[in-house]
Amino acid sequence: MGFSAKLVQPLPLLNTTTARRSASENMNCASPFLGSTHKLRLPRPIVSSTRTHFGSGSGSAPAIVAVKSDVIKDNKKPKSDVSNLLITKEEGLEVYEDMILGRAFEDMCAQMYYRGKMFGFVHLYNGQEAVSSGFIKLLKKEDSVVSTYRDHVHALSKGVPASQVMSELFGKTTGCCRGQGGSMHMFSKEHNVLGGFAFIGEGIPVATGAAFTSKYRREVLKEADCDHVTMAFFGDGTCNNGQFFECLNMAALWKLPIIFVVENNLWAIGMSHLRATSDPQIWKKGPAFGMPGIHVDGMDVLKVREVAKEAVGRARRGEGPTLIECETYRFRGHSLADPDELRDPAEKAHYAARDPITSLKKYMVDNNLATEAELKAIEKKIDEVIEEAVEFAEESPAPSRSQLLENVFADPKGFGIGPDGKYRCEDPKFTEGTAQV
Ligand SMILES: Cc1ncc(C[n+]2csc(CCOP(=O)(O)OP(=O)(O)O)c2C)c(N)n1
Ligand SMILES: [Mg+2]
């Protein structure tokens, strides 16, 4: 069927030598792959000639691709002409509040984890807030989000109350999964958060299935107003997993209303992205499957939001999927159990200076979209929300013992649902005392 993937602004390929260097070594080289080569600049209105172009989705040429990293040309202060601004005051305040919520929530998680209030692995999202807020705040309640084990902030952006997320982390019954999921398995039917997933890549087929549901409802069940969109979030390391490729194929084949959001934070635990993948430019996998592939500076919420808007519109109109690679960075170790000794301090400092919250704040204040006092008031409000979430989690009851075996359908150790349909346990050593449930 001969579509032509047109590269509007091609990125030069990294040569092999470059690809073998660590991310930090690449910081000062000319690789356009690492947005780190760009200094933090004030966002300005998008210049039309450098806009990201999406395919129209009609006809047989869906994959027009561009790289969205160079739209800001200089350091001049933008004019305060409201019509030129990238965001309205109301939207800016909403996004700012969401980013502050994500950051403050995660900081509190670290404190609570080290005080022994949380169990198992806890992966924090500090530094990546522009991605969650830039994408998810554009969604409707009916739209779905699928996350990974780094999932608290995605759930918060989608509207799951901080108290429910915190309580889940404390393993309490008032958590969004009644305390049974924990940090890596945030789920909320009400908010269409279809899961955190501990296995990498595991959520991508779930998201593809959710997007298929929307299409099926619209086209087969004739629910004309079903224009629901699904967003799947996952990391750079996950893009080397087969499920990713299978789902790109199906989503493109069936023109599913899905957005594949790669949070490329340059590392998969202690493995540099540049050492782990044959072609580090993940966005290029989009056109390989016949869908647009976009690279965006994931430390700039305004740029993220702009590409997200186009992709959401495209999905809602039934024009199919989009792959968006957001170049971002996590400010903490892989998990709270990770001493984070592998990454170069210079690399960490470089990205710390590009804090997405600081740059949105600067944009809002410089453009008279908000005063320092207004933003301070938001920060104060969120501090209270977080304090209340901790109190709520602290005071909530722990699950009863009987909950332990709920939803357990089989287990080789001999507990689960027996032939009589009742819970059984044949290994008292393993589940100590639960045999009476
Ligand atoms: C199927 C599977 N294999 C291996 C792991 C172990 N593992 C946990 S996190 C991770 C790295 C994932 O990195 P990335 O996708 O970049 O996400 P990030 O942690 O950077 O957000 C790996 C390999 C796993 N969870 N699941
Ligand atoms: Mg990663």
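In this predicted model, Lys255 sits in the loop between α7 (242-253) and β5 (258-264). Lys255 is not a glycine, yet its phi is positive, at about 50 degrees. Most residues other than glycine have a negative phi.

Leu266 lies in the loop between β5 and β6. Leu266 has 26 other C-beta atoms within 10 Å, so this residue is buried.

The strand β5 is mostly covered, with seven of its seven residues buried. In a regular strand the side chains alternate between the two faces of the sheet. On one side of β5 are Ile258, Phe260, Val262 and Asn264. On the other are Ile259, Val261 and Glu263. Both faces are covered.

β5 pairs with β4 in the parallel sense, over six bridges. Here Phe234 has Val262 as its bridge partner in β5. A right-handed β-α-β unit is made by β4, α7 and β5. β5 also pairs in the parallel sense with β9 (residues 322-327), over six bridges. Val261 stands opposite Ile324 in β9.

Ligand 1 has 15 residues around it, of which Ile200, Gly235, Gly237, Thr238 and Ala268 come nearest. By class, the shell holds seven nonpolar, five polar and three charged residues.

Notes
Residues are numbered from 1 along each chain as its sequence is written. Chains are lettered from A and ligands numbered from 1 in the order in which they are written. This is a predicted model: local features need pLDDT of at least 70, side-chain atom pairs count only at pLDDT 80 or more; totals for chains, interfaces and linings use all residues. A residue is near a molecule or strand if its C-beta atom, placed from the backbone, lies within 6 Å of it. Ala, Val, Leu, Ile, Met, Phe, Trp, Tyr, Cys and Pro count as nonpolar, Asp, Glu, Lys and Arg as charged, and the others, Gly among them, as polar. Helices (H or I, at least four residues) and strands (E, at least two) are DSSP runs, numbered from the N terminus. A residue is buried if 20 or more other C-beta atoms lie within 10 Å of its own, exposed if 12 or fewer, and partly exposed in between; C-beta atoms are placed from the backbone. Two strands pair if DSSP finds at least two bridges between them. A crossover is right-handed if, with the strands pointing away from the viewer, the path from the first strand over the helix to the second runs clockwise.
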